[in-house]
Amino acid sequence: MNEVLKEWMNATLIEEMDEGVLNAPQDLLGMHMYNGMQLFVVRRPGAEAVWITSVKGDKAYEAEELDCELGLFGLEIKAKTKQLKDYRVRIQYSPEDVIEIADPYNFEPKITDFDSYIFGEGKHYKIFDKMGAHVETVNGVRGTRFAVWAPDARSVSVVGDFNMWDGRLHTMRLLGPTGIYELFVPGVEEGRVYKYQITTRSKEMLYKTDPYGNYAEFRPGNASVITSLEGYKWNDESYMQKHETKTREVRERSPMNIYEVHLGSWKKRVEDDDNGFYSYRELAGMLGDYLVEMGYTHIELMGISEYPFDGSWGYQVGCYYAPTSRYGTPHDFMYFVDEMHKREIEVILDWVPAHFPRDAHCLGNFDGRAVYEHPDRRRGEHPDWGTYIFNYGRLEIQNFLVANALFWIEKFHIDGLRVDAVASMLYLDYGKQDGDWLPNKDGGNENYEAVDFLHHLNRVMDEMHPGAYIIAEESTAWPGVTRKVQEGGLGFSFKWNMGWMNDFLEYMKLDPYFKQFHHDQLCFSLSYHLTEKYILVLSHDEVVHGKCSLLNKMPGLTGDKYAALKAAFGFMYGHPGKKLLFMGQEFAQQREWSEMRSLDWYLLEEGPHQGIHRLIKDFNHLYLENSSLYYNDSDVIGFEWMDCARPETSTVAFVRRGKTKRKQLLFILNFTPVAHEKYRVKAPCGGKFTEIINSDDQKYGGQGRVNSTPIIAKKKQVAKKGKNSSSVSKIKAAELGGKSPEYELECYLPPLSVVVLEYDYKE
């Protein structure tokens with residue numbers, strides 16, 4: 001070994017390299033100036049010879065083998081005016097196997113001290129542009145820059161099919177005390193697969209998928225795949241401009257009719273093939289056209305972030321920054337969103353910041369210690385779910401999650417996120433037994449750190465993307481879920497109305513005779529519907545795991561089941577709140593849903609299913625065209641009972657009011673198999689009431705017992721305020737025809753039915 005090189009070589013770094021715990025490889029490898037000499041050190045185990053060459057290749061200097069076992073080669077050249085700063089490394093493994101590459105340790109890191117600082121503060125909202133794998137060109141050299149956060153690691157290497165999965169070749173540099181490791185690897189292009197090889201403090205070796213990776217192998221593979229999110233040409237500029245100007249108030253007064261979809265089982269290319277998926281691009285046209293035809297305004301996608309196990313439906317996420325490769329590439333998913341926007345369909349993603357799986361390649365125990373999860377098992381694990389819980393008190397974790405929400409909005413033009421399992425985040429004892437959870441500092445069960453994270457998320461989203469919305473799946477009575485953060489709430493745009501869903505489905509399951517004793521379950525939700533901004537949901541959770549389909553929840557013989565389901569849908573569409581219906585229920589899917597098979601589309605060849613399909617389509621279009629069904633969802637003027645005090649007949653009637661006095665709606669529902677030939681009910685005003693939907697219509701698979709001529713509401717003989725009168729403000733109600741009812745009408749009310757009457761309010 002040359003004397004200058006021998007003097008310069010650091011024995012400690014060589015020892016760390018030998019032990020596999022080197023985290024500052026740039027201090028040993030690469031090019032260095034020392035004592036008037038230009039020194040080059042290269043590590044290439046198994047190489048026969050190494051040369052340092054000029055970029056043009058007109059100069060080549062053979063390096064000396066310094067350590068055979070470590071594969072170290074070194075070269076010293078006298079420093080001159082024109083130093084060999086830009087150079088290449090030529091490596092010979094055999095006479096037939098010679099490669100020439102740029103030296104990874106001749107490139108400076110891109111992540112700055114400021115990047116590291118604001119990441120540590122939890123406020124680097126573009127961190128996804130720095131972390132992960134990014135193809136770029138540096139000083140004319142094409143390659144990929146890798147960056148990962150592993151604060152407790154002893155060392156990190158990037159390994160993949162480009163370096164024979166050998167962690168000795170591309171050891172990453174630790175950027176000071178930040179816990180961030182970075183390395184630019186020349187010659188590595190899009191499509192190559194990789195992982196991070198992490199050596200822990202106990203010298204255990206882990207192989208982890210990139211937490212910020214944008215693409216992953218198709219299962220059962222679990223490596224990350226280098227990809228570029230740039231280059232897709234979006235066609236939704238005018239749509240996005242319009243969408244981004246929507247305020248919270250505008251969204252609350254706009255129609256929102258959501259079709260919840262699991263892409264892998266909506267339709268399958270091959271029914272009995274676990275991998276017989278249609279691609280994002282194929283689904284874009286099929287689904288987009290179907291949504292327009294049916295009159296939906298939104299699509300909500302289950303489980304798009306990459307996940308290892310199909311049976312988790314995407315709710316145990318492995319890669320938060322990658323759309324699943326089951327249906328194609330990230331650009332394919334962009335195309336899907338683009339096509340939805342082309343059809344004016346808004347896209348909602350299910351987003352899971354509540355927990356993540358234990359799979360060895362995922363986030364858990366990421367660098368040998370709890371990094372993403374809380375280190376205390378009582379706060380860091382869901383015993384029932386077998387998953388880890390995020391450590392919301394760690395600012396870098398808040399940054400990871402908040403930036404991830406922004407990532408989907410900014411990179412994929414997503415319109416909104418539905419946050420899964422919010423209740424499990426809010427309560428420290430959620431799903432846990434006594435003694436298996438750790439109280440907060442005040443001795444309570446509220447998770448203050450999770451609340452702080454949700455405030456952070458909703459505040460930042462409201463500031464940066466006010467046109468986007470964040471929806472909470474929150475199943476408890478936590479106050480102010482949809483109240484703004486600055487007003488003391490959690491800041492969500494909407495909340496799933498789980499209380500309504502549970503009460504209503506339990507009511508619908510009852511034998512008609514027993515419904516009279518549970519009338520309050522039908523009506524109770526109208527006593528609190530103004531406390532939050534609600535979405536009424538009949539989601540996938542209600543048609544799995546032995547709960548059976550919506551159709552088979554209905555009691556009675558086959559004919560009664562279909563009729564009862566149509567009445568149930570009528571109550572949902574009439575009830576205040578935005579709407580969500582899971583795929584397949586719009587044509588009365590008979591079997592429970594399974595992610596393993598396609599929906600039973602063949603049912604649409606049968607009359608009863610055709611009828612329900614047409615009823616949902618007509619309700620959807622009525623919802624779109626009539627502001628009474630959405631404009632005043634969160635306003636007292638929007639709803640008024642006409643009758644909710646006849647439990648013995650299990651009938652109800654109510655009015656929905658929209659922007660104007662025109663096209664207001666009266667819903668009358670019968671939940672028993674008993675017809676009422678002359679059903680008398682209060683009316684909001686006098687005049688003509690025209691039936692626009694009757695679920696017993698033959699086109700909906702009914703028997704045709706409809707009100708074919710307009711119904712005239714007449715003034716009652718005694719205009720006396722009854723005990724069932726609404727408490728709606730008379731002054732405000734009068735603006736849109738909301739006086740205390742002084743009129744009544746008489747109609748035919750078929751068994752197990754919904755009748756919708758349209759009228760124009762007249763003083």
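## Burial, contacts and backbone geometry of a predicted chain

Cys-68 is exposed, with a relative accessible area of 58%; exposed denotes a relative area over 50%, buried under 20% and partly exposed the range in between, for a 1.4 Å probe and protein chains only. The model is predicted, and local features therefore require pLDDT of at least 70 and side-chain atom pairs pLDDT 80 or more, whereas totals for chains, interfaces and linings use all residues. Residues are numbered from 1 along each chain as its sequence is written, and side-chain values use heavy atoms, with hydrogens and water left out.

**Overall architecture**

The chain contains 19 helices and 36 strands. These elements are DSSP runs numbered from the N terminus, a helix (H or I) having at least four residues and a strand (E) at least two. The C-alpha trace spans about 115 × 55 × 45 Å along its principal axes. Of the 763 residues, 61% count as buried. The accessible surface comes to about 30000 Å², and carbon and sulfur atoms hold 48% of that area; the areas were computed by the Shrake-Rupley method with a 1.4 Å probe, and for residues only the protein chains shown count as cover.

As for charge, the chain has 89 positive and 112 negative charges, whose mean positions lie 8 Å apart. Here Lys and Arg are positive and Asp and Glu negative, with His and the chain ends not counted. Each charge is placed at NZ of Lys, CZ of Arg, CG of Asp or CD of Glu.

**Cysteines**

A search of the whole structure finds zero disulfides, a disulfide being a pair of cysteine sulfur atoms within 2.5 Å.

**Selected residues by accessibility**

| Residue | Relative accessible area | Class |
|---|---|---|
| Cys-747 | 3% | buried |
| His-170 | 4% | buried |
| Glu-396 | 16% | buried |
| Asp-618 | 23% | partly exposed |
| His-545 | 66% | exposed |

His-170 lies in the loop between strand E11 (155–160) and strand E12 (173–174). Beyond residues up to four places away in sequence, His-170 touches Arg-44, Pro-104, Tyr-105, Ser-157, Val-158, Phe-162, Asn-163, Leu-183 and Val-185. The C-alpha atoms of His-170 and Gln-197 are 9.9 Å apart, for a sequence separation of 27 residues.

Glu-396 belongs to helix H10 (residues 395–412). With residues up to four places away excluded, Glu-396 has contacts with Phe-119, Gly-120 and Trp-149. The C-alpha of His-124, 272 residues away along the chain, is separated from that of Glu-396 by 9.0 Å.

Asp-618 is part of helix H18 (residues 607–625). Ile-693, Lys-699 and Tyr-700 touch Asp-618, again not counting residues up to four places away in sequence. Met-294 stands 324 residues from Asp-618 along the chain, and their C-alpha atoms are separated by 8.0 Å.

The expected span of a helix is 1.5 Å times one less than its number of residues. Helix H8 (residues 330–342) has 13 residues and reaches 18 Å from its first C-alpha to its last, close to the expected 18 Å. H8 is largely enclosed by the rest of the structure, because 10 of its 13 residues are buried. Among the buried residues of H8 are Phe-333, Met-334, Phe-336, Val-337 and Met-340, as well as Asp-332, Asp-338 and Glu-339.

Helix H17 (residues 558–574) has 17 residues and should span 24 Å; its end C-alpha atoms are 25 Å apart, which agrees. H17 is mostly covered, with 14 of its 17 residues buried.

**Backbone exceptions**

Most residues other than glycine have a negative phi, and most peptide bonds are trans. Arg-219 and Pro-220 are joined by a cis peptide bond with omega of about 5°. Pro-220 sits in the loop between strand E15 (205–208) and strand E16 (224–225).

Positive phi values also occur. Lys-203, which is not a glycine, has phi near 70° and is placed in the loop between strand E14 (193–199) and E15. His-545 has a positive phi of about 55° and lies in the loop between strand E27 (534–538) and helix H16 (550–553). Glu-344, which follows H8, has a positive phi near 65°.

Technical notes. Contact = heavy atoms within 4.5 Å.
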